[in-house]
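Welcome! Below is a friendly tour of one protein model, taken a region at a time. Please have a look at the sequence and the 3D view before reading on.

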Amino acid sequence: MKDDRTHPFRDSQQDREASHHIPDTPQTRASAYRLAYDDNEFMCRDDLRPVRWQLELMKPELLMQEYGVESTVVLFGGARIPEPAKKDTARTETLAELSRFYDEAREFARLMTLRSKVNNHRENVIVTGGGPGVMEAGNRGAADAGGVSIGLNIVLPHEQAPNEYVTPDLCFNFHYFAIRKMHFLMRAEVIAIFPGGFGTLDEMFESLTLIQTGRMKRVPFLLFGREFWTRIVNWEALAAAGTISPDDLELFNFVETAQEAIDVIDGWGKPGKRTDIPGR
């Protein structure tokens with residue numbers, strides 16, 4: 001991270017290093033003596049949760065600003081979907097069949113990253129959850145195009161690591177799901193949802209709710225795999241019941257391929273283009 005200080009005072013990093021080289025006495029060993037920002041026990045107290053929220057919001061924000069990222073293309077999707085070459089390792093037959101969406105996610109990310117390269121990776125930068133499955137496919141597609149991509153990982157109970165295709169300087173780790181979701185959507189110009197589980201459903205419905213309620217601007221919202229999405233969510237029943245408006249069904253588009261998704265994006269907002277009506 002850049003040091004943009006313009007003041008003449010000694011900086012916090014210098015004092016942090018100096019505080020590690022002091023006489024060993026009962027006073028200096030006491031936790032009370034540690035610099036507050038260098039005291040892990042203090043920083044992890046329940047009382048400091050608001051500070052940790054702020055830090056988790058600010059760190060990725062500042063680093064993405066410094067990198068020059070202005071807008072993103074968000075990919076959500078299942079971590080358990082394998083690439084087609086490894087579909088025999090899938091836990092279920094359905095997951096093996098869904099492996100085609102790994103390739104579609106990879107190709108979609110590649111095509112969008114080719115556009116991002118034109119503006120020096122400032123706009124339309126691919127962002128995923130940084131893990132395996134569809135997330136890996138998205139970061140991999142960006143790498144195929146010789147571009148950069150963002151990974152927003154989160155600490156989970158089981159061991160995990162970011163996939164190898166995330167750009168290291170844009171690979172972040174989170175404790176708070178809520179702050180991670182904010183970073184997914186703060187710069188979003190496109191949202192692409194691939195088949196997935198609880199996490200994908202959560203991300204999809206929260207994003208739709210923000211758009212539906214006007215808390216977020218409307219953007220191309222792509223659901224890859226109409227058969228999957230209409231089987232697990234009865235969209236028409238929601239509208240028929242009156243729990244959503246019939247117009248809410250026009251907030252998203254069903255697509256099957258990367259090229260179909262690109263066509264929707266290219267037609268977005270153009271007169272005469274019916275890009276805001278789902279394929280039903």
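This is a predicted model: local features need pLDDT of at least 70, side-chain atom pairs count only at pLDDT 80 or more; totals for chains, interfaces and linings use all residues.

## A helix inside

In α7, the buried residues are V134, M135, E136, A137, G138, N139, R140, G141 and A142. Here buried means under 20% relative accessible area, exposed means over 50%, and partly exposed is in between, using a 1.4 Å probe and protein chains only. Because nine of the eleven residues of α7 are buried, this helix is largely enclosed by the rest of the structure. Its buried residues pack against β1, α6, β2 and β3, where contact means heavy atoms within 4.5 Å.

Residues are numbered from 1 along each chain as its sequence is written, and side-chain values use heavy atoms, with hydrogens and water left out. Helices (H or I, at least four residues) and strands (E, at least two) are DSSP runs, numbered from the N terminus.

## The sheet

What is the order of the strands in the sheet? It is an open sheet of seven strands, arranged β4-β3-β2-β1-β5-β6-β7 with parallel pairing. At the edges are β4 and β7 (253-255), each of which pairs on one side only. From one strand to the next, the twist averages 25 degrees. Two strands count as paired if DSSP finds at least two bridges between them. Strands of a sheet pair through backbone hydrogen bonds, either parallel or antiparallel.

Let us look at two of these pairings. Strand β3 (residues 149-154) runs parallel to β4, and four bridges join them; here G151 stands opposite C171 of β4. Strand β4 (residues 171-174) has F172 and F174 on its covered face, with C171 and N173 on the uncovered one. Strand β1 (residues 72-76) and β2 are also parallel, pairing over three bridges, and V73 has I126 of β2 as its bridge partner. Helix α7 (residues 134-144) packs on the sheet, touching β1, β2 and β3, and its direction makes about 160 degrees with that of β2. Axes are lines fitted to C-alpha atoms, for helices over the stretch in contact, and angles run from 0 to 180 degrees between N-to-C directions.

## Around helix α6

Helix α6 lies across β1, β2, β5 (188-193) and β6 (221-224), running at about 175 degrees to β1. In the loop between α6 (100-118) and β2 (125-128) sits N124. Is N124 buried or exposed? N124 is buried, as its relative accessible area is 18%. Leaving out residues up to four places away in sequence, N124 touches S71, T72, V73, M112 and S116.

Another partner of α6 is helix α12 (residues 258-266): the two pack at an angle of about 40 degrees, with their axes 8 Å apart. The helices are therefore oblique to each other; angles under 35 degrees count as roughly parallel, over 145 as roughly antiparallel, 65 to 115 as roughly perpendicular and the rest as oblique. On the α6 side, E104, E107, F108, L111, M112 and R115 meet A258, Q259, A261, I262, I265 and D266 of α12.

## Aromatic rings

How many aromatic pairs does the structure hold? There are eight. Rings of Phe, Tyr and Trp (its six-membered ring) pair if their centres lie within 6.5 Å; planes under 30 degrees apart count as stacked, over 60 as edge-to-face and the rest as tilted. One of the pairs is F205 with W235, which is tilted, at 6.0 Å centre to centre and 40 degrees between the planes. This pair links distant parts of the chain, since F205 is in helix α9 (residues 198-212) and W235 in helix α11 (residues 235-241), 30 residues apart. F205 is partly exposed, at 34% relative accessible area, whereas W235 is buried, at 7%.

The ring centres of F252 and F254 are 5.5 Å apart and their planes are at 75 degrees, so this pair is edge-to-face. F252 is buried, with a relative accessible area of 2%, and F254 is buried too, at 12%. Ring pairs link F205, W235, F252 and F254 into a cluster.
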